[in-house]
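Trainee: Please give me a close look at one part of this structure. Start with the terms I need, then walk me through that part.

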Amino acid sequence: MPTAAGENSETHDRVAFHADPAAGLRVATAVHRRVAAACVVCCRMHPYPSDELATADALRLSRGISLSCAFAGLPYGGAALVVRGDPRRQKTAALMAAIRRRLSEFRDDDPVLEDIGMAPADVLALRPAIAAATRPLDPSMMTARGLLRGIEAALARVRGTTDLHGCRVAVQGLGRVGMALADCLHDAGAELIVADLSPAKVALAEKWYRARGVSPDIVHTAAVDVFAPCAVGGTLTASTIPELRSRIIAGSAGDQLAEPSLRHALADRGVLMTPDFVVNAGGLITLHGTTRGDAPDAVRARVDAIHAALLDVFESAARKGLPPLDVAEARARRNDDPVPPRRAA
Ligand code: NAD
């Protein structure tokens, strides 16, 4: 995963790195900020090559949560707990117990949200008291729902219709969000091209959704209407952007651009990019609504409102001649100052 360009401990309230050799834990924690004394703690586990890259990801992830919450008007700041390790081999009971001890850095009632390498069951194990009482079963399903609404908004802007029949979408990453998105898109009549590091997940999507599996190295080059990055951040680089053949980018992965300044390269190519922290907020919106005890219909309506919010961002961006990311970041800052802009590299 790439480094967090322009971010460091000065842009965040707190950042730390801890090692617990007995439990095999190496973990970076970051609090970007607290809002009304609360923050959502996003929990990720990934085999980073170094402690520095794990820390950089914690900084970036926590800032992304702050932006999502600020844009959606949720009363939380962003925080992250990022474990350096392979979740398939190293997620032992001892490691989970050590992560639970690390969570004591945060408030007992700070919501915890699973991310790459962590499952809803892991969060239940980490925070049994609040998780069992108030949390949605799988927030990722609602992240996928919001993403679908975002794709429809982008299609409305580019093609004048939200109809997905015959629309071609390439999904990069078939994890909890990517697979749920593939399911929604297939139901809506879209044709799918998919890629994942796991051949088993690709085989399932081929079987369930008549998707065409391609190599993760080339999925971004597919001739499609929409490219949906739903794996890791930083996959849109100075090398991959010229190879894109889609006019729309809409995916759940945070910080899809390896460098913030690449948003201009996309705009120059006529590619409409939906801001990640807007389109991937469905899980956070659901977490908040469920915690408050809102009715499921009301929660779904708030997730669906991502569609109208994005149309508004696209319209404003076109009027001002700015990339949609600039407009969305400015709105998030206005909603809940201060979320400082990332410095362009
Ligand atoms: P996940 O761990 O369930 O799935 C990620 C998938 O991507 C895995 O199947 C993995 O094999 C695959 N992958 C990794 N590198 C890849 C590559 N280079 N090419 C193709 N596939 C690759 O994670 P998730 O919960 O589905 O989240 C996906 C992305 O969306 C993450 O970036 C996450 O931060 C972001 N996100 C998730 C949520 C949520 O509700 N889960 C909310 C907001 C943002």
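Mentor: Two strands pair if DSSP finds at least two bridges between them. Strands (E, at least two residues) and helices (H or I, at least four) are DSSP runs, numbered from the N terminus. The model is predicted, so local features need pLDDT of at least 70 and side-chain atom pairs 80 or more, while totals for chains, interfaces and linings use all residues. Residues count from 1 along each chain as its sequence is written, and side-chain values use heavy atoms, without hydrogens or water.

Start with the hairpin. S1 and S2 form it, with four residues between them. Look at the turn: Gly-24 sits there with a positive phi of about 75 degrees. Seven bridges hold the two strands in antiparallel pairing. Find Phe-17. Its bridge partner in S2 is Ala-28.

Now cross S2 to its other partner. S2 covers residues 25–31 and pairs with S4, residues 77–84. These two strands run antiparallel and share five bridges. Val-27 gives you a place to check: its bridge partner in S4 is Val-83.

Step back to the whole sheet. This is an open sheet of five strands, in the order S1-S2-S4-S3-S5. The pairing is mixed. S1 (14–20) and S5 (112–114) are the edge strands; each has a single partner strand, so one side of each is left without a neighbour in the sheet. On average, neighbouring strands here are turned by 20 degrees against each other, direction ignored.

Next, the helix that covers this sheet. H1 spans residues 51–72 and lies across S1, S2, S3 (39–46) and S4. H1 runs at about 155 degrees to S4. Such angles go from 0 to 180 degrees between N-to-C directions, and axes are lines fitted to C-alpha atoms, for helices over the stretch in contact.

H1 also meets another helix. The axes of H1 and H14 (residues 324–335) come within 8 Å and cross at roughly 75 degrees. H1 and H14 are therefore roughly perpendicular to each other. The scale is simple: under 35 degrees is roughly parallel, over 145 roughly antiparallel, 65 to 115 roughly perpendicular, the rest oblique. H1 brings Leu-67, Ala-70 and Phe-71 to the contact (heavy atoms within 4.5 Å). H14 brings Ala-328, Arg-331, Ala-332 and Asn-335.

H6 (residues 139–159) and H12 (residues 296–304) pack at about 45 degrees. Their axes are 8 Å apart. That angle makes H6 oblique to H12. H6 makes the contact through Met-142, Arg-145, Gly-146 and Arg-149. From H12 come Val-299, Arg-300, Val-303 and Asp-304.

Check Phe-227: its bridge partner in S10 is Ile-249.

You now have its partner strand S4, the order of the five strands and the helix H1 lying across four of them, S1, S2, S3 and S4.
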